[in-house]
Every structure is written in structure tokens, then in C-alpha cells.
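This report describes the sheets, helices and ligand surroundings of one protein model. Keep the sequence and the structure in view while reading.

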Amino acid sequence: MVSAATSGPKAVQPGKPGATDKSPDEPIPSRIVLAMQGVTKAYPNGRMALRGVDLTIPEGDFVFLVGPSGAGKSTMIKLLIRDELATKGVVLLDGRDLGRLKRRDVPKIRRKIGIVFQDFKLLPNKSVRDNVGFALEVTGAKRSTIAPAVDRVLRVVGLTGQAGQLPNQLSGGEQQRTAIARALVHNPRLFIADEPTGNLDPLISWEIIQLLLRINELGVTVLMATHNAEVVTAVRKRVVALENGRIVRDETGAAYHRED
Ligand SMILES: Nc1ncnc2c1ncn2[C@@H]1O[C@H](COP(=O)(O)OP(=O)(O)OP(=O)(O)O)[C@@H](O)[C@H]1O
Ligand SMILES: [Mg+2]
């Protein structure tokens, strides 16, 4: 639950411990939100975009996905939202094998993910409030639950005052914050951002990063693909680097570029 009222990393639920016969000092293993095992992706034209990728993301993590253009970052994200299927290997989201999902279960799994892109993909004729509310409406949510949910996420992203405006009446940063609110309104387990600051100037990019960090503090696991070296190096979170479809680095508290 993302709420402006709750705060701090304590909002992270470290999984549901089963039997409690363990000593109280033993750390509770955190739940795994995402696991990729031996994942290869070959596109129909023969292009190998991922080659034997293994990646585990525990609940509460904040991960920067970096690497040169064409390294496979967006492909990895497409596999996570089941836009594409792995050619080989397994992708598990919240324990569910995405490759073996029945078609009718896909929307339910997709709702576990909130996603934003470089281009904000807002509906041009709908206000901020309606862009966010529409994301719940299409899932069949009751009207009475939509309004409070929308108000809550607009508070989280700081757009309460702009709720009635259309996308073309917003700055780029405000448009991205609207997209973030829309991605959060389902209370996703995993928040994915594919170059969310690619179209924004440096100052506004920082505002968006601060917002993603805050969302992470509220308990949502975050995966962000980016070329923004300055931000990655300053923030010191986990960095997973892809090159030519392979993970070449996976370090916690790391800089954008390898430091050794
Ligand atoms: N639908 C597709 N069909 C064929 N090849 C594709 C397709 N989508 C991506 N590719 C190829 O797969 C490789 C990885 O692309 P991807 O978009 O995942 O890279 P990226 O790391 O996101 O790059 P960027 O930083 O430029 O966004 C590239 O060589 C690309 O040309
Ligand atoms: Mg990309």
C-alpha cells in the first residue's frame, strides 16, 4: 500500500514467515519479487537481445539497470511485463512463472507491476485525475474506490493542485509524475521505469529520482533502466550492468561506471 501517511522503510513487509520455530535472531529471508534464471531472448529476426541472464530482486530493493544502447535493458523489461516471452530460461514474478501463465491470468499479473516510460504515454484528452483513475476503471474497480485511490497517489507525487489539468497543460516533469501516479494506483509489487528521465532536464530529473526513492521507501521495489550516470553515481544503490545481452556487473552501492 503506497500511502502518503505511512512512511519509512518499515512499510516494507519482509515476507510472510511461515513456521516460527526459528530463533528470533535469525533474519527473516526477504521475499523475492523477481527472479530470472538462464534467460535468453532471441527476436524473430535472429537478434540475440539477452544471453543467459540470472537476476534476483528481493522485495524492497532499488535497482538501476544500466548499459549501452542495445544492451538489452528494454528487452528485459518487456519480458517482465510479459510483452515478450523468453526464448530460454525462466522469469518468475512474485513466484509465478510468466512463461507458463494462462492468457486469462496475464492482466492480474500485470497489475503487480507499475511501469513508466521515457515518453509519458498519457491520454491527451483526459485530465490528470482521469488519466490516473482510468487505469483503475479498466480493471473494473468500483467507482467509490477510485476517487480516494486517485487522491492518495496524487498526494504521493505532489500533483493534487494539478488534478484537473490536461497533459498539454503540464510541464514535462508533471507529466512524468502523472504517469508515475497512474503506475502506482494499483499498489504494484514492482515499479519499473524505462529511462523515465530521458526527456527531462537535469533538475527535473532529480525531482523524479527523489520521487522514485520515496516510493521505494514506502515499500515498493523499484527497477529503473537509465543512461543517467550522474544520478546513478550520486544515489549509490544496486547497479546491474548489461552489455551485449549479458549481466557484466551487479553491485550494491555502486557508481554508474565500474570503479575498480
Ligand atoms: N522487436 C525487436 N525485434 C528485433 N530486434 C530487437 C527488437 N527489440 C529490440 N531488438 C534488438 O535487441 C537488442 C536490445 O535492444 P533493447 O531495446 O533491449 O536495448 P536497450 O538496452 O534498451 O537500449 P537503449 O539504451 O537504446 O534503450 C538491440 O540490438 C535491438 O536492436
Ligand atoms: Mg531501452
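Which helix gives the largest share of the shell around ligand 1? Helix α1 (residues 73-80) does, with 3 residues. Helices (H or I, at least four residues) and strands (E, at least two) are DSSP runs, numbered from the N terminus.

This is a predicted model, in which local features need pLDDT of at least 70, side-chain atom pairs count only at pLDDT 80 or more, and totals for chains, interfaces and linings use all residues. Residues are numbered from 1 along each chain as its sequence is written, while chains are lettered from A and ligands numbered from 1 in the order in which they are written.

**Around the ligand**

The residues around ligand 1 are Y43, N45, R47, A49, G67, S69, G70, A71, G72, K73, S74 and T75. A residue is near a molecule if its C-beta atom, placed from the backbone, lies within 6 Å of it. By type, the shell holds 3 nonpolar, 7 polar and 2 charged residues. Here Ala, Val, Leu, Ile, Met, Phe, Trp, Tyr, Cys and Pro count as nonpolar, Asp, Glu, Lys and Arg as charged, and the others, Gly among them, as polar.

**The two sheets**

Strands of a sheet pair through backbone hydrogen bonds, either parallel or antiparallel. Two strands are counted as paired if DSSP finds at least two bridges between them.

One open sheet has 4 strands in the order β2-β1-β4-β5, with antiparallel pairing. Its edge strands, each pairing on one side only, are β2 (48-58) and β5 (96-97).

Another open sheet has 6 strands in the order β6-β7-β8-β3-β9-β10, with mixed pairing. Here the edge strands are β6 (113-117) and β10 (246-251). From one strand to the next, the twist averages 15 degrees. Axes are lines fitted to C-alpha atoms, for helices over the stretch in contact, and angles run from 0 to 180 degrees between N-to-C directions.

| Pair | Sense | Bridges |
|---|---|---|
| β4 and β5 | antiparallel | 2 bridges |
| β3 and β8 | parallel | 4 bridges |
| β3 and β9 | parallel | 4 bridges |
| β9 and β10 | antiparallel | 5 bridges |

In β8, V63 has L223 as its bridge partner. Helix α6 (residues 202-217) packs on the sheet and touches β3, β7 and β8, and its direction makes about 155 degrees with that of β8. Contact means that the C-beta atoms of two residues, placed from the backbone, lie within 7 Å.

F64 stands opposite V239 in β9, and the bridge partner of V239 in β10 is E251. The hairpin of β9 and β10 has 2 residues between the strands, and N244 in this hairpin takes a positive phi near 50 degrees.

**Two covered helices**

Helix α3 (residues 128-137) is largely enclosed by the rest of the structure, because 7 of its 10 residues are buried. A residue is buried if 20 or more other C-beta atoms lie within 10 Å of its own, exposed if 12 or fewer, and partly exposed in between; C-beta atoms are placed from the backbone. The buried residues of α3, which include V128 and L136, pack against α4 (143-157) and α5 (172-184).

Helix α5 is mostly covered, with 11 of its 13 residues buried. Among them are E174, R177 and L184. These buried residues of α5 pack against β6, α3, α4, β7 and α6.
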